[in-house]
Amino acid sequence: MATRTAPTPARFAAWNRGKTSVEIDLASAVGRAEALALIDGADAVIENLRPGALARLGLSLDDLRARQSGLVTCSISAYGSVGPARDDPGWEPLVHARAGAQQGMFTADQPIWLPFPMASIGAALLGVLGTGAALVKREGTGYGQHVETSLFDALLFLNAAAIFHREHRRLAVGRPANTPVLHTYETSDGRSMQLNLSGTERWREVCRLVGLDPDGECGLDFGSAESLGRLSNREWIHRVLDELTTRFGSRTADEWEQALLESPAAVAKCNTLEEWLAHEQAQANDVFLSVDDAQLGPLRLAGPPVRVLADAGPRGKVRRHGSEGGALGGHRVIDMSSFWAGPLAARLLGELGADVVKVEPPNGEGAYQLMPVLPNIYVDGNRSKRGVTLDLRTDEDRQRLLDLVAAADVVVENAVAGTWERLALGEADMRAVNPTLVYARAKGFGLCGPLASRPAFDYVVQAATGMVMGQGGGRPQAMNFTANDYCTGIHLAAGTVLALLARTRGAAITSVEGSLMLTATVFQSEQVAEIAVRGERSDAVGADLRGPSPDCHLYEASDGWIVVCAATREQHAAITAALGISEASAVAIQGAISALTVAGACARLRAQGVPAAVSVHPSAVPDDPQVIARNLLTAVGHPVAGRFVQVGIPLRLSVDTPAVKGSAPAPGRWKRRAKAHA
């Protein structure tokens, strides 16, 4: 049930379609009775009030579960149910500030305003994941339990790559990223192309696209430590940047897009959201959905972030493997994915209790090869898994993989379309040995359309879908972290859990489909809804990229930055009293705050009831008292790379507690062990 609490039709339309909306006064006895009557017929209750608010109204979640033993309850708060920040205001920009999401890769310690409600979206999907897993467990046990996550947990997870660091070696602020393999290049018509890649073949594709010799001075071999050293050589970096800048500047953005259709590479035009709405790729994959809103009429909104498909085939049966620990205990997942989105989905399933076996080539997947320079991708994405090394070019190892699949519940993959089919290991081949398999795939741009075969990394998708231009307020500005990779991992894991739940109830589930393209569009759901409702978007970042208005803005203090988020008229009026100024203009507020420390400015604003928070670099996140009090980071050792501090598990279950089950595998050391457990 949903309650319309504010006159924001576009936002309400974006997030509340498909629901029955009722208005209930929970402060009254009649209203509480109405709520209890609804809950008595429910499988799950999801709430996002401040911690303890429902209990004060006489609707304690513990009491609700005692009343109905199979009920699953889920709480989504701002910062969690315990800790010093438990009752702090939880407006999205305040969470962005504390989680280190406004600073980082491209802007170093100079923050930018995020126009997308990433913390809320991530927390909502984690709530779905946890609730779905609890319902799967209930099918076999009959008991319900409580699921908890928060906006802060979710955004730490989405920003985990930036927070990741070697134990006892603190992160440095560093300089803004300036590398030819992750860069925005201007074209001859004043538009921009975004390049983002990793891997030798991906670099060779770019060289072929622009007419460079991939074996010459500009060449890169990602399997060679000596060659990768070029990415730290400033002379080489500047030379290649200049060369690529000249070449991309020789054509228009649309001309490059046409060339990419013939010679795919990890590059995309920085589209506006309006261009993405009309894009053939979006249309081919039903990225947008036509909805008939009862109050607003026909609307075109962002579609579902993940698709669960079923057919009339054999109904799934529940298998049991190994330990029954965790909500997904007894399920087996074969992880054939690489880099980020797929591995993260499989990791989440593993930490919820599934037995996850990661399949890798003899020298490890692409992220493993990058460990000498970027250990975070492999180490963070692949903990809590067993490993098996297979050379799938051989008949013997292809059969070993099929033997594993025959005894599994789920396969996860994220290869470029056609990769597995060329090895006779596509979905049809898997289903031939396991007809009830749940086949979960994460793609960059989906399964069809003109971009389906294009290599897709996070920033390439950000560019194509309008996020880069949205973050820059009409100018290209990439976000400081790879939110699409991490959130697609949540989407795919949540979709897989819902598929397993449907399977336990007799549905013939075939596949689960997620993509970075769908995730990027969902992040922009409110902007899509604004266009549908009003015909235009409001300014979401401001001309200086520091905020859309004086009372929702980033300000520089004497020793750092703070974010002010005055969400009500009363809070807006209190700014002047807090800072001793006559008007709450951006210039006046900045003038007052510049003379204060971040601690002093926040204290004065909060004393007058104005929400404010320090905007920190990811390197400062480990020092946050809420992070420390709730143990939100964890140290995990890897047998090859060493010990690293990582973001922990971003959700909790009251009975079947999720757990980190060990480090990422070390390819080449695990073939016999995985075979023995097949």
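Colleague: At what angle do the axes of helix H6 and helix H23 cross?
Modeller: They cross at roughly 25°, and the axes come within 9 Å. H6 covers residues 118-141 and H23 covers residues 483-504. That makes H6 roughly parallel to H23. Angles under 35 degrees count as roughly parallel, over 145 as roughly antiparallel, 65 to 115 as roughly perpendicular, and the rest as oblique. The axes are lines fitted to C-alpha atoms, for helices over the stretch in contact, and the angles run from 0 to 180 degrees between N-to-C directions.

Colleague: What's the model's background, and how are things numbered?
Modeller: This is a predicted model, where local features need pLDDT of at least 70, side-chain atom pairs count only at pLDDT 80 or more, and totals for chains, interfaces and linings use all residues. Residues are numbered from 1 along each chain as its sequence is written, and side-chain values use heavy atoms, with hydrogens and water left out. As for the labels, helices (H or I, at least four residues) and strands (E, at least two) are DSSP runs, numbered from the N terminus.

Colleague: Back to the pair. Is the H6 and H23 crossing left-handed or right-handed?
Modeller: H6 passes H23 in a left-handed crossing. Left-handed means the near helix is turned anticlockwise from the far one by less than a right angle; clockwise is right-handed.

Colleague: Which residues in H6 and H23 meet?
Modeller: From H6, the set includes Met118, Gly122, Leu125, Leu129 and Glu139. From H23, it includes Ala483, Ile490, His491, Val497 and Thr504. Contact here means heavy atoms within 4.5 Å. The residues of this H6 and H23 contact divide into 16 nonpolar, four polar and one charged. Nonpolar covers Ala, Val, Leu, Ile, Met, Phe, Trp, Tyr, Cys and Pro; charged covers Asp, Glu, Lys and Arg; the others, Gly among them, are polar.

Colleague: How many residues of H23 are buried?
Modeller: 19 of its 22 residues, so H23 is mostly covered. Buried means under 20% relative accessible area, exposed over 50%, and partly exposed in between (1.4 Å probe, protein chains only).

Colleague: What span should H23 have, and what does it have?
Modeller: At 1.5 Å a residue, its 22 residues should span 32 Å. The end C-alpha atoms are 32 Å apart, which agrees. The expected span is 1.5 Å times one less than the number of residues. Just after H23, Gly506 takes a positive phi of about 95°.

Colleague: New topic. Where does Phe339 lie, and what is its phi?
Modeller: Phe339 lies in the loop between strand E11 (332-335) and H15. Its phi is near 60°, a positive value in a residue other than glycine. Phe339 is partly exposed, at 21% relative accessible area.

Colleague: Leu545 next. Buried or exposed?
Modeller: Buried, at 9% relative accessibility. Leu545 is in the loop between helix H25 (525-534) and strand E17 (552-557). Its phi is also positive, near 60°.

Colleague: What about Gln471: which residues does it touch?
Modeller: Leu545 is one of them. Others include Trp113, Pro115, Met479 and Val541, not counting residues up to four places away in sequence. Gln471 lies in helix H22 (residues 467-471). Gln471 is buried, at 0% relative accessible area.

Colleague: And where is Gln462?
Modeller: In helix H21 (residues 458-464). Gln462 counts as buried, at 0% relative accessibility. Its contacts beyond four places in sequence include Met467, Phe481 and Asn484.
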